[in-house]
Amino acid sequence: MAARSQYEELARQLSAIGAVKRGLARILPAECPAGSAAVLALLSRHGEIRISRLAELLDVNMSVTSRHVAHVAERGWIERSPDPADKRSRILRLTPAGEGVLDDLNCRSTEMFAHHLQDWSDEEVGQLNTLLARLRDSFSCRGSVGRAPGGHSGDCRSRPADSQDSSYTGTPV
C-alpha cells in the first residue's frame with residue numbers, strides 16, 4: 001500500500017483535473033451540454049435501454065435523467081418507444097442524428113487531447129489511459145466510502161464489462 005502522502009498528493013492532483021473537465025465542457029456545442037453528451041454516449045455503448053437503467057448508469061436521479069432525455073429527444077437525437085415487456089416504461093435508442101452528434105463530440109474531444117498532449121509519447125498516453133481505467137475500476141469494484149482500504153478482492157476485473165461501472169462514456173463529459 002502506498003504511503004499516506006501519496007494519497008494526499010493524488011487527492012490534490014485529482015482536484016486539479018477540474019481544469020481538464022472545464023476544457024472538455026468548453027468544446028461542447030451549446031445545444032449539447034455534458035448531460036446530453038453522456039446520454040448519447042451511454043446509449044451508443046449499451047444500445048436500447050430503459051430510462052431507469054440510464055439513470056443508474058448516469059448515477060443521477062430519475063428527474064435529472066428525464067430532463068436530459070427530454071433535451072436529446074426534442075432534438076431528434078434519441079427515440080423513445082414503449083417497452084413491449086412493460087407498457088409503462090420507455091425504451092431509449094440513439095437515432096442516426098444522435099450518432100452524428102456523438103461522432104462530432106468524439107472528434108472534438110480527440111482534437112482537444114491531441115492538441116494539449118502533443119508533447120506526450122504514445123506510451124505516456126497509453127499509461128495514463130491504463131492507470132485512469134484502473135482507478136475507475138478500483139472505485140467501481142469497491143463501491144462507496146466505508147469499505148476498508150485494501151479490502152478489494154480483485155474479482156471485479158474478471159466480471160463482464162457490462163456489469164462493471166459503465167458511467168465512463170468516452171465523450172467530453
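Glu8 is partly exposed in this predicted model, with a relative accessible area of 39%. Its partner is Arg4, and the side chains of the two residues meet in a salt bridge with an N to O distance of 3.8 Å. Arg4 is exposed, at a relative accessible area of 66%. Both residues belong to helix α1, which covers residues 4-16, and they are four residues apart, about one turn of the helix. An α-helix has 3.6 residues a turn, so residues three or four places apart point the same way.

**Salt bridges**

| Arg residue | Glu residue | N to O distance |
|---|---|---|
| Arg4 | Glu8 | 3.8 Å |
| Arg75 | Glu74 | 3.7 Å |
| Arg93 | Glu79 | 3.5 Å |

In the pair formed by Arg75 and Glu74, the arginine is partly exposed, with a relative accessible area of 37%. Glu74, by contrast, is exposed, with a relative accessible area of 62%.

The salt bridge between Arg93 and Glu79 has its closest N and O atoms 3.5 Å apart. Arg93 lies in strand β3 (residues 86-94) and Glu79 in strand β2 (residues 78-83), so this pair ties together parts that are 14 residues apart in sequence. Arg93 is partly exposed, at a relative accessible area of 23%. Glu79 is likewise partly exposed, with 39% relative accessibility. Both residues also take part in a network of salt bridges that links Glu48, Glu79 and Arg93.

**Helix α5**

Glu74 is also the last residue of helix α5, which spans residues 62-74. This helix has 13 residues, and the distance from its first C-alpha to its last is 18 Å, close to the 18 Å expected at 1.5 Å a residue.

Which residues of α5 are buried? They are Thr65, Val69, His71, Val72 and Ala73. Each of them counts as buried because its relative accessible area is under 20%. These buried residues pack against α3 (34-46), α4 (51-58), β2 and β3. The two strands β2 and β3 are those that hold Glu79 and Arg93, respectively.

After α5 comes Gly76, whose phi is positive, near 80°.

Terms used:
Residues are numbered from 1 along each chain as its sequence is written. This is a predicted model: local features need pLDDT of at least 70, side-chain atom pairs count only at pLDDT 80 or more; totals for chains, interfaces and linings use all residues. Side-chain values use heavy atoms; hydrogens and water are left out. A salt bridge is a side-chain nitrogen of Lys or Arg within 4 Å of a carboxyl oxygen of Asp or Glu. Buried means under 20% relative accessible area, exposed over 50%, partly exposed in between (1.4 Å probe, protein chains only). The expected span of a helix is 1.5 Å times one less than its number of residues. Contact means heavy atoms within 4.5 Å.
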